[in-house]
Amino acid sequence: SIDRCASSSPAGECWWSVHGVGLVGPGPRSRSLPLSPCRHWAGGSRSPHAVSPQVLGWRVAAAITWSVLLLPICTAAFIILSGLDPFHPVRWISNSFNDLYTSYVIFCIFLMSMVIIIISIFNIEFYAVVPSIPCSRLALIGKIIHPQQVIHSFVHAIMGMLVTWCATVMTKGRFQFLAVSCTPSEGLEDAVPQMCLNEYHLFFLLSGAFLGYSYSLFYLINNMNYLPFPIIQQYKYLRFRRSLPLLIKHSCVESLHFVRNFCVTYYFFGYIPKVWICTTMDLHTDGKLHPLDTLSGLLDLSLFYHTWLSGVFLLMTWYIAWLLFKIYATESHHFPIQPTFAQETDQCLPKILNSNPPLLIKFLALQDLMLLSQYSPVRRQEVFSLSQPGGHPHNWTAISRECLSLLSDLTQRLIAQQEAAAAANGRAKPPVGELKVPPQTPGIASMSPLVKPSLMPVKTSPGSDVGSPFSSPALNYKMGVVDIKSPWHGPVQSPHVMRRGPKLWTSVSDQQMNGSHHESFPVLSAARTGTEAVQPRFIYTWLQNKQEQCTQNILVSSQHPEASIQAVFSDAQMHIWALEGLSHLVAASFTEDQFGVVQTTLPAILNTLLTLQEVVDRHFKLPHVSSKPPRISGSLVDTSYKTLRFALRASLKTALYRITTVFGEHLNAVQVSTEHKKRLQQFLEYKE
Amino acid sequence: QLSVLLSLQLTSEDMIAAFSQAVDWAGCTVRAFAWHPHTNKFAVALLDDSIRVYNSNSATVPSLKHRLQRNVAAMAWKPLCASILAVACQSCVLVWHLDPTSLSTRPSSGCAQVLSCPGHSPVTSLAWAPSGERLLSASPVDTAMLVWDVSTETCVQLQWFGGGGVTYLAWSPDGSKVLAATPSAVFRVWEAQMWTCERWPTIRGRCQTGCWSPDGSRLLFTVLGESVIYSLSFSEYRGEMQGQVGGSKTASIVADLSETTFETLYGEERIGGEVHSMVWDPTGERLAVIIRGESPNSQPAVAVFRTRNSPVFELLPCGFVRGERGARPQLISFHPCFPQGALLTVCWSSGKISHIPFFFVGALEPHASPRRSPVPVLGSVREQPLFSEL
């Protein structure tokens, strides 16, 4: 899609869209689920999504407003703590309060509000509901030096410098100015005072830049652009209050680590900026002061405290902006089921589910579906209702079709992954030559060569993107219903499939990387200065070549199996909600569905769920697949995407039990294949 | 509050004994009991910290042991699931994943997930959401109760300051509300969609036990130091009232259980006093309570009431359940899906477990037991002959 974007849309259109959904993520499917208008350009279906600017705009505005409003409070706390004087508490407190109203503090707050707004804009542009998980170390390095990440880091470093500048201004004292007057050390009585470099100030500014850069780096490495949805609904204030202690603790600890690292860096490389500044600004070094890039210079407790405190201040304000954005963006949104006015048709749940809105909107729609199916009988009634003239169950058809297509898409993806694993196990190392990427339309989730023709009779053209969950739902729907007589575990594997198997993990992504890189680069380089742009590009291309050279040997061996499994399930939150929504609706239909609209889809639903259950079961029996979730420490950084597959497995089983428990013996009358009937019987007897 | 301070000074074993639903948790052989919500299977936690799982369809009795499984205070089977059992232990919550088709009598400790959170021990109460998706756990020393996503082992703390920890949890059968009792004279009712709560101060003491009507519209609870049953009604839950619990203004007394003399087969007996634990059957027609005697020489007794929830709430005495001579009731529980009426299970101090069936035809469509298909009940009043009223 990136490719198509660049070719068919005005250059500016795709600038940011590439991000947020995995640039290099060499997952099994290239993640071509963009968050941008590009999709509509590409697909040709330009459905206007009035709902997305409306919903997101307000949320973003509210999040930014709150983070700016919280800034003065943080500033006040910072000023009070920076003037810490435990021996003269009264003077300390009164001085701090006097400082709060001074004009330069107000100016600093104004400046830092700008910083917060810019940071928030970066949060908004970089967010992703589907995390991009680098499957190997090389991919991670590729991500770090990707131009977009470089811009991110660069801007954050500048912002960090600005914040620490404000911090020095507010701290006052010896840190305030870069140039101070000093007397030459020769001790001549009539010597003219000259301007000297205040190394403390420089130290502060550089620490800010370092902190900003580290923040950006950790943002990337920890996937902090990922928006995890909470496991229970809560009011925003309560969510914020719950996270606040964690946020403070995390900022303090992280600032300590960053400052420690900075001190080490400054010890080794501090003289470079110092000399540079001195020569360019024609400043002298003050001989009376200790140079800071020595051990004794760095062992200054007050310097360390103030650096740490300004680091905490910086991280806290930024994390608050980030947290508020996360809270606002993942808040549930109430979509109407049926339009009250004709022009609202586009904002209805069934419409949104069946179109290709930005992924976040899709997630919100599915979350709303889950909530309404569970809690709202009135809205469920609307789902089961018939259209006024004609008497068609449009709402139910649209919702169930989309859910089923999502689920059968996941089934296909898992089958492909299992085949790839089997292929990798069966044949150790296919020759490198065979792995050359065939000339194919880039940017398409290229699962097509991996899945057997018997499974996908419909899809033949190389351009059809069956892999994407947003491909034509009707098609996927059909495939879900097709009685799959499990040809996957049979020994009949075409050599074609076998040979291409490993490509799923490597070459496709390489190609994806190439694609995104080459296509997006001209646009990006326009926005950057020449020298900066050229260097990463050089390294980047070099890396690409390197990667292609040793596709099998390095990548596959160094690939982390856990990471690639996480990548397969990275968007499983959608499937979990689809499962919960569907199963609750079906269970409720037993008593609430007056027209029997659900009955017609029940066989298809059961088929899809049972097939998925089989495939998921088989997935957890693969080698390298742990059956227990890793421990998640309760830290600020959410890593819930690592355990989504376990949640999916649990909710799939619960969903099936929910249906079988309600319908009981009546399920025997539903037409399903004999295999599935056996399985259903086990569910009815609670033996699964 | 004094009781809060006291509870903090107690050792964790004393604390579990004080807040457990078992009458004599420290001394009795059976410490916890749990029926599976859909099948004829139950789990019993014993004094030696092992758990046995009995199944009517199989002769094998798996015995669950784990090094962290100490001082079991409560157990709960996951609804909409074949065989997942959550166990409240002294230091953590263990979630056993048992294979329902396995014939092994000693499932390995690898089948157990360990859910622990610093500061959240001992765990004295557990409650699964009826939809099977979330697990609640509570500890008397932790002011927060935890909502677990068991599959990913992540939890969310529901903090509410004041009142100390949480001693007892009861999730309403319709899934809309949760009762959370604290060690002080206050309890809270949480609404389970947006997780807001209503705070209910009591006059005398802490809330000892409570149970929900099948449709979640009525809560019966008892208070330590008073021998009465209170009732609290809630406005009907329709899902539209996000973030409102909807409780009525005051709780009303529905039964006075102070000591009275009864003529029994064995002569005159004085029965009555505080209620220790209380269970309501899934059809909402029978209520069983364990009454602790007031005077030292009086025996704890199981009393059963006939109840009706609509159109008006009714509570009529039905009878007492007596065990073998000298056996005292420890725990009571109703079978969650007994098709012919209600099945009361009583664990006795002798270590015996007896099942007492109550055969009747429900007046209302059963709400909470979706196992049964809704057979339309012909408009007769409930006065069907009762087969085994004691």
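**View 1. Salt bridge between B:Glu133 and A:Arg658 in the predicted model.** In this predicted model, the side chains of B:Glu133 and A:Arg658 form a salt bridge, with 2.9 Å from N to O. Across the interface of chain B and chain A, the rule finds one salt bridge. The rule also finds seven residue pairs in polar contact across this interface, both residues of each pair being at pLDDT 80 or more. On the side of chain B that touches chain A, the elements giving two or more residues are β8 (112-115), β11 (144-149) and β12 (154-159) of chain B. The largest share of that side, five residues, is supplied by β12(B).

**View 2. The interface of chain B and chain A.** Here 34 residues of chain A are in contact with 46 residues of chain B. About 3,400 Å² is buried between the two chains, and carbon and sulfur atoms give 59% of this area. Of the area that chain B buries against chain A, 16% comes from B:Leu80, B:Glu133 and B:Met194, more than from any other three residues. One of these three, B:Glu133, has its side chain in the salt bridge with A:Arg658.

**View 3. A nonpolar surface patch on chain A.** The patch has an area of about 830 Å². Its residues are A:Val264, A:Tyr267, A:Phe268, A:Phe269, A:Tyr271, A:Ile272, A:Val275 and A:Leu295. Two elements of chain A, α9 (236-269) and α10 (271-281), each give two or more residues to the patch. The largest share, four residues, belongs to α9(A).

**View 4. A:Phe268 within the nonpolar patch.** A:Phe268 is one of the residues that make the nonpolar patch, and its place is in helix α9 of chain A. The relative accessible area of A:Phe268 is 52%, so this residue counts as exposed, the cut-off for that class being over 50%.

**View 5. A:Ser570 in a loop of chain A.** A:Ser570 lies in the loop between α22 (561-568) and α23 (572-592) of chain A. A:Ser570 counts as buried because its relative accessibility is 2%, where buried means under 20%. A:Val129 is 441 residues from A:Ser570 along the chain, and the C-alpha atoms of the two residues are separated by 8.9 Å.

Key: Residues are numbered from 1 along each chain as its sequence is written. Chains are lettered from A and ligands numbered from 1 in the order in which they are written. This is a predicted model: local features need pLDDT of at least 70, side-chain atom pairs count only at pLDDT 80 or more; totals for chains, interfaces and linings use all residues. Side-chain values use heavy atoms; hydrogens and water are left out. Buried means under 20% relative accessible area, exposed over 50%, partly exposed in between (1.4 Å probe, protein chains only). Patches are made of residues with over 30% relative accessible area and no salt bridge: like charges are joined within 9 Å, nonpolar side chains (Val, Leu, Ile, Met, Phe, Trp, Tyr) within 5 Å. Accessible areas come from the Shrake-Rupley method with a 1.4 Å probe; for residues, only the protein chains shown count as cover. A salt bridge is a side-chain nitrogen of Lys or Arg within 4 Å of a carboxyl oxygen of Asp or Glu. Contact means heavy atoms within 4.5 Å. Buried area is the accessible area (1.4 Å probe) that two parts lose on being put together, summed over both. A polar contact is a pair of N or O atoms within 3.5 Å; within protein, one must be able to donate a hydrogen and the other to accept it, and residues adjacent in sequence count only if both atoms are side-chain atoms.
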